[in-house]
Amino acid sequence: MSQFRLSRRPDIGDKIRVSFEFFPPKTDEMEARLWETVQRLEPLRPSFVSVTYGAGGSTRERTTRTVKRILTETSLTPAAHLTCVDASRAQSDAVIAGFAAMGVRRFVALRGDPAEGVGACYRPHAQGYANGAELVAALASHGQFDVSVSAYPEKHPESPDFATDIEMLKRKVDNGATRAITQFFFDNDLYERYVERVRRAGIYIPIVPGILPVHNFAAVANFAGRCGTHVPAWLAERFDGLGSDPQTHALVAAAVAAEQVLDLVERGVDDFHFYTMNRADLAFAICHMIGIRAAQELPRAATSAAA
Ligand code: FAD
């Protein structure tokens with residue numbers, strides 16, 4: 001059983017950087033919730049916020065619209081996710097060029113999952129980029145971008161072993177990736193062991209832990225099973241019996257995620273990516289606990305005097 005150690009470092013907020021991930025909303029109601037979330041998290045000054053890209057480009061318009069709105073209406077730096085699924089090279093290149101013309105300078109480059117969902121057999125498009133590494137190379141050929149890629153502390157379910165998995169990460173780094181963001185995990189020992197393996201393979205880019213606050217344990221456990229993420233027994237125990245008690249569930253989720261993050265801080269990690277699921281509450285609370293506070297606004301009088 002792995003439990004987290006609580007941080008004793010009082011100065012952590014000064015050193016820690018965070019980024020937040022959103023998905024493009026499908027309905028007006030979801031859109032309104034996303035923008036409330038963005039507004040709530042913006043004062044925490046994340047390094048960037050990323051917007052996911054649906055299988056087969058299914059969210060292309062919505063991803064583009066969301067990224068554009070972040071660029072034009074907020075002070076945030078957006079990172080556009082891109083996948084290779086069901087896209088020819090020409091189509092992927094056009095999407096990259098479109099984002100670049102809009103002013104996007106950060107990307108998260110991914111192979112993606114088949115349109116049928118996680119676990120289905122992946123078949124690259126005959127004229128497309130075959131994997132994350134090829135997409136990173138394509139981005140590098142388009143311009144100078146900050147490119148993040150995926151990493152898998154428990155290895156990708158399709159990888160036969162860690163050596164194969166880390167070899168793919170190495171190819172992505174060799175092609176220009178400057179940061180890896182991990183699949184979510186709940187066992188920090190597995191993350192630490194993975195980073196050791198990655199360093200032994202001569203890979204030195206930041207391996208930023210992807211933190212998934214558990215908004216709904218049943219849904220997360222189900223998704224974890226498909227992604228190859230181990231759900232420790234102690235975690236299931238924490239949420240046991242809270243299926244119809246959302247308030248307590250949210251309190252426990254905040255405590256669990258904060259413990260995980262504080263334990264990682266204790267192990268020397270100072271960069272975190274939060275899978276927000278377009279909800280601000282847990283990400284905001286966890287940031288607060290690790291010392292990340294909203295930027296102070298200038299008092300109105302000072303603002304108008306300076307104007
Ligand atoms: P790659 O880096 O190309 O490969 C991942 C691993 O799979 C490699 O280590 C390799 O060893 C193994 N592998 C790949 N292909 C094969 C093969 N043919 N045979 C054997 N092994 C193979 N999905 C989306 O659809 N949209 C998103 O916006 C999105 N964002 C994500 C963000 C992050 C930070 C992460 C971690 C995942 C995200 N995903 C997203 C999910 C991702 O698309 C899936 O995990 C997908 O299955 C692999 O994509 P990848 O870029 O990691 O693949």
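Tutor: Start at Phe-272. Leaving out residues up to four places away in sequence, Phe-272 touches (heavy atoms within 4.5 Å) Ile-16, Arg-17, Val-18, Ser-19, Val-208, Pro-209, Ile-211, Val-261, Leu-264 and Val-265. This is a predicted model: local features need pLDDT of at least 70, side-chain atom pairs count only at pLDDT 80 or more, and totals for chains, interfaces and linings use all residues. Numbering runs from 1 along each chain as its sequence is written, and side-chain values use heavy atoms, with hydrogens and water left out.

Phe-272 belongs to the largest nonpolar core, a set of 88 residues. Such a core is made of buried Ala, Val, Leu, Ile, Met, Phe, Trp, Tyr and Cys residues joined through side-chain atoms within 4.5 Å. Buried means under 20% relative accessible area, exposed over 50%, partly exposed in between (1.4 Å probe, protein chains only). Phe-20, Leu-169, Ile-207 and Phe-272 have the most contacts inside this core. Helix α10 (residues 246–266) gives the most to the core, with nine residues. Helices (H or I, at least four residues) and strands (E, at least two) are DSSP runs, numbered from the N terminus. In soluble globular proteins, nonpolar side chains tend to be buried together.

Now Leu-169. This residue lies in helix α6. Leu-169 counts as buried because its relative accessible area is 2%. With the neighbors up to four places away in sequence left out, Leu-169 touches Val-149, Ser-150, Ala-151, Ala-180, Tyr-194, Val-198, Ile-203 and Ile-207. Take Val-198: 29 residues separate it from Leu-169 in sequence, and the C-alpha atoms are 8.6 Å apart in space.

Strand β5 (residues 146–151) holds Ser-148. At 1% relative accessible area, Ser-148 is buried. Its side chain makes a polar contact of 2.7 Å with that of Arg-179. A polar contact is a pair of N or O atoms within 3.5 Å; within protein, one must be able to donate a hydrogen and the other to accept it, and residues adjacent in sequence count only if both atoms are side-chain atoms. Ser-148 also touches Phe-107, Val-108, Ala-109 and Ile-181, not counting residues up to four places away in sequence.

Helix α6 leads on to the ligand. It gives the most to the shell around the ligand, with four residues. Both β3 (78–83) and α6 (162–174) supply at least two shell residues each. The shell has 22 residues (one heavy atom within 4 Å of the ligand); Arg-111, Asp-113, Ser-150, Tyr-152 and Lys-172 are the closest. Its residues split into six nonpolar, eleven polar and five charged. Here Ala, Val, Leu, Ile, Met, Phe, Trp, Tyr, Cys and Pro count as nonpolar, Asp, Glu, Lys and Arg as charged, and the others, Gly among them, as polar.

A polar backbone atom of Arg-111 is 2.6 Å from a ligand oxygen. A backbone N or O atom of Glu-158 is 3.3 Å from a ligand nitrogen. A polar side-chain atom of Asp-165 is 3.0 Å from a ligand oxygen. Of the 960 Å² of accessible area that the ligand has on its own, the protein covers 83% (Shrake-Rupley method, 1.4 Å probe).

Last, one backbone detail. Lys-155 sits in the loop between β5 and α6. Its phi is near 65°, a positive value in a residue other than glycine. Lys-155 is partly exposed, at 22% relative accessible area.
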